[in-house]
Amino acid sequence: MADSSTQSIIIGASPDRVAAVICDFPSYPEWTDAIRRAEVVEEYEDGYASQVRFTIDAGVLADEYVLAYEYAEDLSRIEWHLVEPSRMQRTQRGSYDLVGNPDGGTTVTYTLEVELAVGMLGMFRRKAEKMIMDAALKQLKRRVEAPGAAH
């Protein structure tokens, strides 16, 4: 059975800027603790990644896997799913939903559903989930809001 989690954060930047950081997969190892490598293996005609291979090492969770991505035309939603089971995961589905706020910031809602291929004690699963959520939101916020971040 897959576990699903959702969290939101407010980032002090426009949805376009947030989406640009999310879609810059090769730079993920620069700002996320667990991702060692992110390689675009296939692109759509418009240049956006359709498949990305990730190598992660989050202590209790080390894995290599490929995610397939789909995008809303205005990039208000970026979603993905695991292409095929990996050593650690049977399934993974997730999404970022970006909503512009009146003050120019963006509310980012991150949803992740993962079914692990290995049994993991609840305590370790929660720790791994917290690390993934932190990377997805807090580390994303830090990257987008950093002085000199790509605009």
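Start by selecting Phe25 and Tyr28: are both buried or exposed? Both Phe25 and Tyr28 are buried, meaning under 20% relative accessible area, where exposed is over 50% and partly exposed in between (1.4 Å probe, protein chains only).

Before going on, a word on the model: it is predicted, so local features need pLDDT of at least 70 and side-chain atom pairs 80 or more, while totals for chains, interfaces and linings use all residues. Numbering starts from 1 along each chain as its sequence is written, and side-chain values use heavy atoms, without hydrogens and water.

Now show the rings. There are 13 aromatic pairs in the structure (Phe, Tyr and Trp rings, the last by its six-membered ring, with centres within 6.5 Å; planes under 30 degrees apart are stacked, over 60 edge-to-face, the rest tilted). Phe25 and Tyr28 have ring centres 5.3 Å apart and planes at 40°, so this pair is tilted.

Switch to cartoon. Seven strands make an open, antiparallel sheet, ordered β1-β7-β6-β5-β4-β3-β2 (strands are DSSP E runs of at least two residues, helices H or I runs of at least four, numbered from the N terminus; pairing takes at least two DSSP bridges). At the edges sit β1 (3–11) and β2 (35–43), each pairing on one side only.

Zoom in on β2 and β3 (residues 49–57), antiparallel over seven bridges. Select Arg37, and you'll find Thr55 of β3 opposite.

Last stop: helix α1 (residues 15–22), which lies across β1, β5 (77–82), β6 (89–100) and β7 (106–116), contact being heavy atoms within 4.5 Å. Helix α1 runs at about 155° to β6 (axes are lines fitted to C-alpha atoms, for helices over the stretch in contact; angles run from 0 to 180 degrees between N-to-C directions).
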